[in-house]
Amino acid sequence: MDNFLILERLDRLERLMIANKEVLTFDEACDYTGISRSYLYKLTAAGHIPHSKPNGKLIFFERKNLVRWLLQNERKPLPESETIGDSNP
C-alpha cells in the first residue's frame with residue numbers, strides 16, 4: 001500500500017478519534033476547529049473562547065463548548081425572493 005494512502009487513512013482515523021473525545025487538548029482543538037495555534041492562543045489569552053487551565057499551564061477545551069462557540073453568531077438565510085441573483089423584475 002502506498003505510504004501516502006496509509007498516512008491519509010491514519011489522519012482520518014485520528015480525526016474520528018478526536019471527534020469522539022469530550023475534552024480536547026490545545027492541539028486537538030486546533031485540528032478540530034481548523035483554527036491556527038497562534039490565533040487559538042490569542043483567543044484563550046483574551047478569554048474569548050471557553051477553555052480550562054486546571055494546572056495553570058496546559059489548556060483544555062470541552063468539545064461541546066467549542067461547537068457552541070463556533071456557532072454562536074449564526075446567520076439565518078434570506079428568503080428565496082431576496083437572494084442575490086434573483087432575476088425577477
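Here are a few questions and answers about this predicted protein model.

Residues are numbered from 1 along each chain as its sequence is written. In this predicted model, local features need pLDDT of at least 70 and side-chain atom pairs count only at pLDDT 80 or more, while totals for chains, interfaces and linings use all residues; side-chain values use heavy atoms, leaving out hydrogens and water.

User: What pattern does the protein chain follow along the sequence?
Analyst: Helices (H or I, at least four residues) and strands (E, at least two) are DSSP runs, numbered from the N terminus. The protein chain has four helices and two strands. Read along the sequence, they give α-β-α-α-β-α.

User: Is valine 23 buried, partly exposed or exposed?
Analyst: Valine 23 lies in strand β1, residues 23-25. Buried means under 20% relative accessible area and exposed over 50%, with partly exposed in between (1.4 Å probe, protein chains only). At 44% relative accessibility, valine 23 is partly exposed.

User: Which residues is valine 23 in contact with, leaving aside its neighbours within four places in sequence?
Analyst: Contact means heavy atoms within 4.5 Å. With those neighbours set aside, the partners of valine 23 are Glu28, Phe60 and Phe61.

User: Which elements do the buried residues of α3 pack against?
Analyst: Helix α3 (residues 37-46) has Leu40, Leu43 and Thr44 as its buried residues. Seen down the axis of α3, they fall within an arc of 95 degrees (taken from the directions from the helix axis to the C-beta atoms), so they line one face of the helix. These buried residues pack against α2 (26-33), β2 (60-62) and α4 (63-70).
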